[in-house]
Amino acid sequence: MRMRASRTLALAAAVFAIAGCDDAGKKLLSPGDPLLTVGPTTSVTVACPTKMEKSTTAQCVAFGYDADGVFTTNTAAWSTSTGSLLTVSSGGSVTTTSDGTGQVTATINGASATAPITIATPPPPPTVTILGPSSIRPYNECGWYASVSGGSGAISYAWSQSAGTGTASGHDYLGESATSFTLSVTVTDALARTATATKSVTVTSGAVVCRIP
């Protein structure tokens, strides 16, 4: 009994030391303490795209913090003082309508923060032209190139060949055929705007030999 009692006292002393104070004098958590104490929201941060194109939509998010920097909530009331440039939904979705510098404000429990958004008209829709030979020899692999102007953001390429076989790699295309064919490419920009170009290719034994590096 005496040995069991001494072990119990030693364990209690260890628990008391852990639940007491650290070397800096700060109170340490014990099993019965709350894991997190959250005070009222005193500050807000807002995250929005800094630049947007006209007639596009993006999502903003907001985060509230108490005086100790502890996260409180991300549920905010959204508003804008630049309604002629953009609109913002109750969930923080922003849609731009005109060029300029817009502002989006998030309010959480009386605390607010504002984020600026620069809005610009996107470049014109893409146009595309296929560059390359109009006449090739039978089964002679040749190369073509999609030359794009305009468009916004990354451009994707979709190639097709009406006869023969070929392989595409972005704006480049390699193909061959035993008979004449039509080569086409459709490009799509980041705003889902498309453009298509076609090129008629004659297959004849009198054509210049293509040499692919």
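Here are some friendly notes on this predicted model, covering its confidence, its aromatic pairs and its nonpolar cores.

1. **How to read the model.** Residues are numbered from 1 along each chain as its sequence is written, and side-chain values use heavy atoms, with hydrogens and water left out. Because the model is predicted, local features need pLDDT of at least 70 and side-chain atom pairs count only at pLDDT 80 or more, while totals for chains, interfaces and linings use all residues.

2. **Confidence.** The average pLDDT (the predictor's confidence in each residue, from 0 to 100) is 87 for the protein, and 83% of the residues score at least 70. Residues 1–29 have a pLDDT below 50, and this stretch makes 15 contacts beyond near neighbours in sequence; contact means heavy atoms within 4.5 Å. Where pLDDT is low, the predicted coordinates should not be read in detail.

3. **Aromatic pairs.** The whole structure holds 5 aromatic pairs. Rings of Phe, Tyr and Trp (its six-membered ring) pair if their centres lie within 6.5 Å; planes under 30 degrees apart are stacked, over 60 edge-to-face, and the rest tilted. Tyr65 and Phe71 are edge-to-face because their ring planes stand at 75°, with centres 6.3 Å apart. Tyr65 is partly exposed at 26% relative accessible area, and Phe71 is partly exposed at 37%. Here, buried means under 20% relative accessible area, exposed over 50%, and partly exposed in between (1.4 Å probe, protein chains only).

4. **A pair across the chain.** Trp144 and Phe181 are also edge-to-face, at 6.0 Å centre to centre and 85° between the planes. Trp144 sits in strand β12 (residues 142–149) and Phe181 in strand β16 (residues 181–188), so the pair links parts of the chain 37 residues apart. Strands (E, at least two residues) are DSSP runs, numbered from the N terminus. Trp144 is buried at 3%, and Phe181 is buried at 4%.

5. **The largest core.** A nonpolar core is a set of buried Ala, Val, Leu, Ile, Met, Phe, Trp, Tyr and Cys residues joined through side-chain atoms within 4.5 Å. The largest has 21 residues, and those with the most contacts inside it include Val44, Val46, Trp78 and Ile117. Strands β1, β6, β8 and β9 each supply at least two of its residues, and β9 gives the most, with 5. Beyond its neighbours within four places in sequence, Val46 touches residues including Val61, Ala62, Trp78 and Ala113.

6. **A second core.** A separate core of 18 residues includes Cys142, Val187, Ala195 and Cys210.

How values were computed:
Helix = DSSP H or I, 4+ residues; strand = E, 2+ residues; numbered from the N terminus.
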